Amino acid sequence: MRERELHEARGAPDGSRLSPSGPGARAIYAAGLTQGLVLVGPAASGQVLRPEIGDARYGAIFLPLVIGAVIGALAAPAVAGARGAVGALGLGFVLNAIGSVALAASELVLDQASLAFAVLCLACGLIGLGFGL
């Protein structure tokens, strides 16, 4: 290969391709880390949630998460087409943030198992949707 082709394959610093060590790549790595941390939130909360809402309901909160992720993945091309890739990523972060707040807020209603379950389903659905985008 010629020197130019090698340079292009590695990623040009002028932004024509994503450099694996450039600011765009670091933003993507940070986004992946953030998404992963948010996504494990419901599972990591199991010790607190299961005794309050029951094993069956705790297991069921993951259904909205999966459904949200599928819907988000199906909607991602349209959202990215309308808002661009950065806009889709930003919308995913907003949905993750709202879902994380709802997950944390569920603690306020854990004494009411049905309401807590509804809040948890909403939280997991939003987290899944944000993850799918």
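This is a predicted model: local features need pLDDT of at least 70, side-chain atom pairs count only at pLDDT 80 or more; totals for chains, interfaces and linings use all residues.

Trainee: At roughly what angle do the axes of helix α2 and α6 cross?

Mentor: The axes of α2, which covers residues 23-39, and α6 cross at roughly 155° and come within 9 Å. The two helices are therefore roughly antiparallel to each other.

Trainee: Which residues of α2 and α6 meet?

Mentor: From α2, the residues are A31, T34, Q35, V38 and L39; from α6, they are L65, L89, F93, N96 and S100. By class, this contact of α2 with α6 comprises 6 nonpolar, 4 polar and no charged residues.

Trainee: Is N96 buried or exposed?

Mentor: N96, a residue of helix α6, has a relative accessibility of 3% and so counts as buried. Apart from neighbours within four places in sequence, N96 is in contact with Q35, V38, L126, I127, G130 and F131.

Trainee: How do the axes of α4 and α7 cross?

Mentor: Helix α4 (residues 46-53) and helix α7 (residues 113-132) have axes that come within 10 Å and cross at roughly 140°. That angle makes α4 oblique to α7. In this pair, L49, E52 and I53 of α4 meet A113, A116 and L120 of α7. The contact of α4 with α7 has 5 nonpolar residues, no polar ones and 1 charged residue.

Trainee: What is the general idea behind a nonpolar core?

Mentor: In soluble globular proteins, nonpolar side chains tend to be buried together. Here the largest nonpolar core has 16 residues, and those that touch the most other members are L49, I53, Y58, I61, L110, A116 and L120. Two or more residues come from each of α4, α6 (62-105) and α7, and α7 gives the most, with 6 residues.

Trainee: Which residues is L120 in contact with, leaving aside its neighbours within four places in sequence?

Mentor: L120 is in contact with L49, I53, I61, L103 and S106.

Trainee: Is D55 buried or exposed?

Mentor: D55 is exposed, since its relative accessible area is 57%. R50, at 33% relative accessibility, counts as partly exposed.

Technical notes. Residues are numbered from 1 along each chain as its sequence is written. Side-chain values use heavy atoms; hydrogens and water are left out. Axes are lines fitted to C-alpha atoms, for helices over the stretch in contact, and angles run from 0 to 180 degrees between N-to-C directions. Helices (H or I, at least four residues) and strands (E, at least two) are DSSP runs, numbered from the N terminus. Angles under 35 degrees count as roughly parallel, over 145 as roughly antiparallel, 65 to 115 as roughly perpendicular and the rest as oblique. Contact means heavy atoms within 4.5 Å. Ala, Val, Leu, Ile, Met, Phe, Trp, Tyr, Cys and Pro count as nonpolar, Asp, Glu, Lys and Arg as charged, and the others, Gly among them, as polar. Buried means under 20% relative accessible area, exposed over 50%, partly exposed in between (1.4 Å probe, protein chains only). A nonpolar core is a set of buried Ala, Val, Leu, Ile, Met, Phe, Trp, Tyr and Cys residues joined through side-chain atoms within 4.5 Å.
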